[in-house]
Amino acid sequence: MKIKSAKFLISSPNLKLCPQLDKCEFALLGRSNVGKSTFINTLCNQSKLAKTSNTPGKTRLINLFEIITDKKPFILADLPGYGYAKVSKKEQDSWQKNLEEYLLKRNLTSTIQFIDARHDIQKNDILMQEWLKFNNIPCINILTKCDYISRNEITKKLALIETKFQNTTLAFSSKDRTYIDKVLKTIEDFM
Ligand SMILES: Nc1nc2c(ncn2[C@@H]2O[C@H](COP(=O)(O)OP(=O)(O)OP(=O)(O)O)[C@@H](O)[C@H]2O)c(=O)[nH]1
Ligand SMILES: [Mg+2]
């Protein structure tokens, strides 16, 4: 599958205000600053499609993007990252509620959970994974920022995540477009 074009559809604070789209949809999950928005830009080969930042907490709303391919189109939902301590407890709790509602009721094709290649798997990544499993929500794992570690380390980390989470697990980097083919193949297999 090849991407032909991509466009931003809508930003929404919650599920209720998201339009029904009737397309395969993948929701991007992961800690704040892990590279979810950058992933969308790299995949679509557009630098400013999704807003990114060096400072965690950039994405505060559900942002929907429509991806047109040479096969079926699909939707990517860019979600605010978890584990961003500088947001007030009240805001974190409210977002947690919105996120759970989105994941449970949106009828997603799969989630895509991002893990930062530079760090060990974090506690909130494990909690999110356990919650997804408990609720029977499918997930693909992406080890991103792989440009920071060696080939050997990438192989080891992929195997570790795959064993621990029992999901299809792929490497990715915004600096290396060779990872894109496998990602699109996996997305296609889920559709
Ligand atoms: N070297 C490198 N940097 C990356 C990669 N992916 C993302 N980054 C950088 O990481 C920072 C955070 O990226 P974002 O895409 O904004 O992260 P996010 O997960 O959307 O963060 P929130 O919106 O806060 O949840 C930016 O400075 C990106 O340039 C990667 O594969 N390699
Ligand atoms: Mg973001």
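Here are legends for close-up views of a predicted model.

**View 1. Ser11 and its surroundings.** Ser11 sits in strand E1, which spans residues 3-12. With a relative accessibility of 34%, Ser11 counts as partly exposed. Leaving aside residues up to four places away in sequence, Ser11 touches Leu61, Ile62 and Asn63. With Asn63 there is also a side-chain polar contact, at 2.4 Å. Thr168 is another matter: 157 residues separate Ser11 and Thr168 in sequence, and their C-alpha atoms are 29 Å apart.

**View 2. The Glu25–Arg106 salt bridge.** The structure holds eight salt bridges, and one of them pairs Glu25 with Arg106, with 3.0 Å between the closest N and O atoms. Glu25 belongs to strand E2 (residues 24-30) and Arg106 to the loop between helix H2 (89-105) and strand E5 (110-116), so this pair ties together parts 81 residues apart in sequence. Glu25 and Arg106 are both buried.

**View 3. Lys71 meets Glu188.** Here the side chains of Lys71 and Glu188 form a salt bridge, 3.1 Å from N to O. Lys71 is in the loop between strand E3 (62-69) and strand E4 (74-78), while Glu188 is in helix H5 (residues 180-190), so the bridge links parts that are 117 residues apart in sequence. Glu188 is partly exposed, its relative accessible area being 24%.

View 4. Asp116 and Arg118 make a salt bridge whose closest N and O atoms are 2.9 Å apart. Asp116 is buried at 10% relative accessibility, whereas Arg118 is partly exposed at 37%. As for the network, Lys7, Lys23 and Glu66 are joined by salt bridges that share partners.

Methods
Residues are numbered from 1 along each chain as its sequence is written. Chains are lettered from A and ligands numbered from 1 in the order in which they are written. This is a predicted model: local features need pLDDT of at least 70, side-chain atom pairs count only at pLDDT 80 or more; totals for chains, interfaces and linings use all residues. Side-chain values use heavy atoms; hydrogens and water are left out. Helices (H or I, at least four residues) and strands (E, at least two) are DSSP runs, numbered from the N terminus. Buried means under 20% relative accessible area, exposed over 50%, partly exposed in between (1.4 Å probe, protein chains only). Contact means heavy atoms within 4.5 Å. A polar contact is a pair of N or O atoms within 3.5 Å; within protein, one must be able to donate a hydrogen and the other to accept it, and residues adjacent in sequence count only if both atoms are side-chain atoms. A salt bridge is a side-chain nitrogen of Lys or Arg within 4 Å of a carboxyl oxygen of Asp or Glu.
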